[in-house]
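Hi,

Here is the structure I promised to pass on. Have a look, and my notes follow below.

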Amino acid sequence: MARTALFSRHQPGGVFTISDIVAHPGDIWFVGSTVTGATDGAGYGRNPDAPFATLDYAIGNCTASQGDVIYLLPGHAETLDAATDFVMDVAGVKVVGLGWGTTKPVFTFSTTDSIVSITAANCWLENVRLLGNVDNIVTGISLGASADGCTLKNIELVDGAT
């Protein structure tokens, strides 16, 4: 019998999918602030039609080092107004923004101490826009001492209106 890396999966409360074990060894989560009814709560996040509203909540639902992947839906937007709004603190989590150009997920820095902080090992952040909407952002992106193996891929830094 020929083997394949593809397998079927039905996540509780989610969609039935055919996945590649290499791309999705752990749980799959969806975040989309612009989707009607997006909520940070039980029963959400497993389906792009009923996603979580914030990335931080999705990260909190991940299991360390099992290969969980979080997809940020096109148009997702969050405002960072504190140093603790965006913290990748669960090891081995991959966050992938979907979309291109101005439909990429965007995180807007609204205070000088807004930070994208990665403090856990083997995290991956891909295809997001970081919009500076305030003068003199102090740090921007911070990789903590434990962020070994971190990957930043296709991160777009955009100067905002100020």
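**What I found**

Val106 has Arg129 as its bridge partner in strand 11. Before going on: this is a predicted model, where local features need pLDDT of at least 70 and side-chain atom pairs count only at pLDDT 80 or more, while totals for chains, interfaces and linings use all residues. Residues are numbered from 1 along each chain as its sequence is written, and side-chain values use heavy atoms, with hydrogens and water left out.

That pair belongs to strand 8 (residues 106-109) and strand 11 (residues 129-132), which pair in the parallel sense over four bridges. (Strands are DSSP runs of E, at least two residues, numbered from the N terminus; two of them pair if DSSP finds at least two bridges between them.) Arg129 in turn has Glu156 as its bridge partner in strand 14, and strand 11 runs parallel to strand 14 (residues 156-159), joined by four bridges.

There's also an open sheet of three strands, parallel, in the order 6-9-12. Strand 6 (86-88) and strand 12 are at the edges with a single partner strand each, so one side of each has no neighbour in the sheet. Strand 9 (residues 115-118) and strand 12 are parallel and share four bridges, with Val116 opposite Ile141 in strand 12.

Lastly, which element gives the largest share of the lining of the largest pocket? Strand 14 does, with three residues. (A pocket is an open set of points on a 1 Å grid over the protein atoms alone, where a 1.4 Å probe fits, with protein on both sides within 12 Å along at least five of seven lines; lining residues have an atom within 4 Å of a point.)

Cheers
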